[in-house]
Amino acid sequence: SSDSYFKIVSTQPSITVLSPNGGENWQSGSTQTIKWNSNLVSIPEQPVTVDLSLVLYCPPGSSCIALAPSTIATKVRDTGSYNWSVGAVSGGTAPAGSYTVKICKSGTTTCDSSDSYFKVVAPPQPSITVLSPNGGESWQTGSTQPIKWQSNIVSIPEQPVTFDLSLVLYCPPGSNCVALAPFIIATKVRDTGSYNWSVGAV
């Protein structure tokens with residue numbers, strides 16, 4: 001037998017949120033990974049699961065309306081990560097704002113939260129910027145010139161973004177001009193950033 005005694009010690013179950021843990025800016029609708037560490041022991045017959053919640057952040061010293069945490073997901077396997085469509089919570093979508101994530105072992109008070117707040121930010125407003133022609137160019141009728149633009153509009157293979165290009169008669173400020181409808185150059189042009197135009201063709 002052993003010459004002396006040894007000890008069997010127990011470790012308190014714990015969860016540590018790794019991400020988001022404060023300072024992140026996550027765009028609503030994007031996919032981000034919530035990460036955590038835990039020492040929870042799982043067995044095949046009874047796997048450990050965790051519940052993920054989104055908690056509205058209240059700055060210290062502020063008076064905030066007490067809102068219940070919004071459920072992100074429940075009974076998630078304790079794999080250490082969960083891919084989240086940012087803002088998606090039970091019952092809808094959380095608005096842009098400052099939040100923390102809380103992770104608990106399902107059905108217990110063994111929990112941890114982000115050390116500080118992160119931000120759910122709204123996606124940028126769609127925009128298009130014409131690069132060329134942008135003023136001052138002299139293009140000969142019948143020559144081929146590239147119309148160029150930049151956009152932040154997201155395209156997906158199933159529903160590609162397309163643009164309509166028009167030619168608008170310029171009216172100098174202070175002048176009386178006949179109002180003419182724009183001339184159509186092309187419609188449903190793929191958002192490639194450029195279109196080769198036979199100048200004057202409408």
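Visitor: Is C64 buried, partly exposed or exposed?

Guide: This is a predicted model, in which local features need pLDDT of at least 70, side-chain atom pairs count only at pLDDT 80 or more, and totals for chains, interfaces and linings use all residues. Residues are numbered from 1 along each chain as its sequence is written, and side-chain values use heavy atoms, with hydrogens and water left out. Buried means under 20% relative accessible area, exposed over 50%, and partly exposed in between (1.4 Å probe, protein chains only). Because its relative accessibility is 40%, C64 counts as partly exposed.

Visitor: To which residue does a disulfide join C64?

Guide: A disulfide is a pair of cysteine sulfur atoms within 2.5 Å. For C64 the S to S distance is 2.0 Å, and the partner is C58.

Visitor: What is the handedness of the disulfide of C58 and C64?

Guide: The handedness follows from the torsion about the S-S bond. That torsion is about 90° for C58 and C64, so the disulfide is right-handed.

Visitor: Is C104 buried or exposed?

Guide: C104 is joined to C111 by a disulfide, S to S 2.0 Å. C111 has a relative accessible area of 28% and is partly exposed. C104, at 13% relative accessibility, therefore counts as buried.

Visitor: What is the pairing of the bonded cysteines in sequence order?

Guide: The structure holds three disulfides. One of them is formed by C171 and C177, with sulfur atoms 2.1 Å apart. Numbered in sequence order along the protein chain, the bonded cysteines have the pairing 1-2, 3-4, 5-6.
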